[in-house]
Amino acid sequence: MTRTRAGTVGALLGGALLGIAVSIPFTYVLIVRASNAELVAYTQRILRVLEKAAREDRDAELAVLKDGLPFCSDAEISLMRGLVYNASFVRDLGRSKEGMLYCTAARGRLETPIHVSRPTVSFKSRDLGSDVDVSAGQGLLIAPGLRGLVVDSSGVSSVLNQALFEGMDEPPLKAAGMVSDRDHGVELPVFGQIGKLSSAEVLAQGRLKRDGMVYQPLCSQQYAVCAVGTVLDRDLIQQRSRVFWEFAFMGALLGTLIASVGLLMLRRERLFERRLLRAVRKGELTCVYQPVVDLETKAILGAEALARWTMTSGDSVPADVFIRVAEERKFVGEITRLMMDRVIDELGPLLYSPDFRVTVNISSQDLLDSQFFEHVERSTAWTGIPPSALAFELTEHSTADQATAAGAIARLRASGHAIYIDDFGTGYSSLAYLHDLHVDAIKIDRAFTKTVGTEAVTASVVPQILAMADQLGLTVIVEGIETAEQAEYFRQARTGMMGQGWYFGRPVPAQEFIARMRAEHPAKRVSKGASQGAS
């Protein structure tokens, strides 16, 4: 297996493991939330069953109380039997007075009234507006061996079949139910196990954990019943273990996908880097020139050399993109030297004119590169071009290491080259900063040029920049001039101002730039020595 392939496999495996690691806590939270939601939904289903039973009981009691029939008459007993027949939970109805039961739907009129047992709990019904007595596990007259839930209100007794509630467990979920009156804090378990929950805890309806069990109580807003869903805490998670592995798999898949995208981007970046380096070393980068003019006379005094790269596919790559890559990969110096060679080769004759200057952009890496200084000295010495014709532009950010920048600038100026600070104002350099660097000119960034004629805050900074330049005796070039209004503003702001921008001309190839120079300056001549030096 090659090193590249091993690296790819390692990256994909690492992405998968990272995806799993990230998914574990996320999946756990999702499983807990889903399990809790399932417990709540289950408890709601139980509560709806209890509410149905309570509603049946209430409706049956109201029907008997409002029937208007004689007490325990054949008609009333027949009515009660019809109500029982149509009910799902009510298994018997009876009538009582002063604690004695006289008749039921199942037994008819009793030969001897039976004493009603003392209720387990009593409370006042919000529905019926009367006292309600409730007993659980009472023996039934119709079959002494059976037990039921007996509810008595205003002389009407109803028997509910408790056994109907006991088949609602959905393992591992279990159900419990109770009669619970929130106004009086009474409770009576009807079925299931509610653990050690108090009435207050049940009525609070909050999820509780106790002794390894999870409880979810819910109470009816209309009836005096509450349901409690219960489950072992470990079962709450285990029942969704399959979901955990599904999410782990998805996490691994997503991590692998992200790693694949990252590898693809890295390969594209490295491919781009290799293509750029090959283009630089084969001399495929070109140079265009944007004129720099005197704002007073509109005469062209020089140009800024700008690097351009058009790939073999025909796509043009923005300079800030490939310069950034070259800086990151530490070969931007090769581009700088190539551009210098292009300038000397393409504009050689113009560089011998005493009033013409071309600027080349350099980076902070060039200031630390001995090859750069050697190339500059060798190029000017071999061609005979005056050093003053070749200037260098540095951005404020590239001079962050002031000590290094100051030493490099001093060396270039000692050789006769002028130094410009490009994009001035974006870093808000101080007066002391410029004074220590000993530069020759500043180029006001286009961001300030755009504020001319507006009320933008940055417009007020321009006079301060010009005052700073006056104090230090610096030449000022304004970048990004696109309108006559901008050109006129800076012309009046200070004498000796220069400018560049689309208003004066876009960057063009050397032949087009030279043709324009000849058209605008027909009197310019190239000396014999200059011609020989440029050949």
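## Terms and basis of the model

Helices (H or I, at least four residues) and strands (E, at least two) are DSSP runs, numbered from the N terminus. The structure described here is a predicted model, in which local features need pLDDT of at least 70 and side-chain atom pairs count only at pLDDT 80 or more, while totals for chains, interfaces and linings use all residues. Residues are numbered from 1 along each chain as its sequence is written, and side-chain values use heavy atoms, with hydrogens and water left out.

## The chain as a whole

The protein chain contains 16 helices and 21 strands. Of its 535 residues, 45% count as buried; buried means under 20% relative accessible area, exposed over 50%, and partly exposed in between (1.4 Å probe, protein chains only).

A contact means heavy atoms within 4.5 Å. Among contacts between residues at least 6 apart in sequence, 62% join residues at least 24 apart.

## Residue D152

D152 is placed in strand β6 (residues 147-153). With a relative accessible area of 14%, D152 is buried. Residues up to four places away in sequence set aside, D152 touches S96, D131, V132, D133 and S157. The C-alpha atoms of D152 and V116 are separated by 9.6 Å, and these two residues are 36 residues apart along the chain.

## Disulfides

The structure holds two disulfides, a disulfide being a pair of cysteine sulfur atoms within 2.5 Å. With bonded cysteines counted along the chain, the pattern is 1-2, 3-4.

C72 lies in the loop between α1 (3-65) and α2 (74-86), and C103 in strand β2 (residues 100-104), so the pair ties together parts that are 31 residues apart in sequence. Both C72 and C103 are buried. The other disulfide joins C219 to C226, at an S to S distance of 2.1 Å. The link of C219 and C226 is right-handed, with 105 degrees about the S-S bond, and both of these cysteines are buried.

## The largest pocket

Rolling a probe the size of a water molecule over the atoms shows where empty space is left. On a 1 Å grid over the protein atoms alone, where a 1.4 Å probe is used, a pocket is an open set of points with protein on both sides within 12 Å along at least five of seven lines, and lining residues have an atom within 4 Å of a point. Grid points are joined across faces, edges and corners, and a volume is the space filled by probe spheres set on the points.

The largest pocket has a volume of about 980 Å³. Its lining consists of 36 residues, of which E304, L306, A319, N361 and D422 lie nearest the centre. The elements that give two or more residues to this lining are β14 (300-310), α6 (319-328), α7 (332-347), β16 (357-361), β17 (390-395) and β18 (419-424).

## Backbone features

Most residues other than glycine have a negative phi, and most peptide bonds are trans. The peptide bond from P171 to P172 is cis, with omega near 5 degrees; P172 lies in the loop between β7 (156-160) and β8 (174-181). K298, although not a glycine, has a positive phi of about 65 degrees and counts as partly exposed at 39% relative accessibility.
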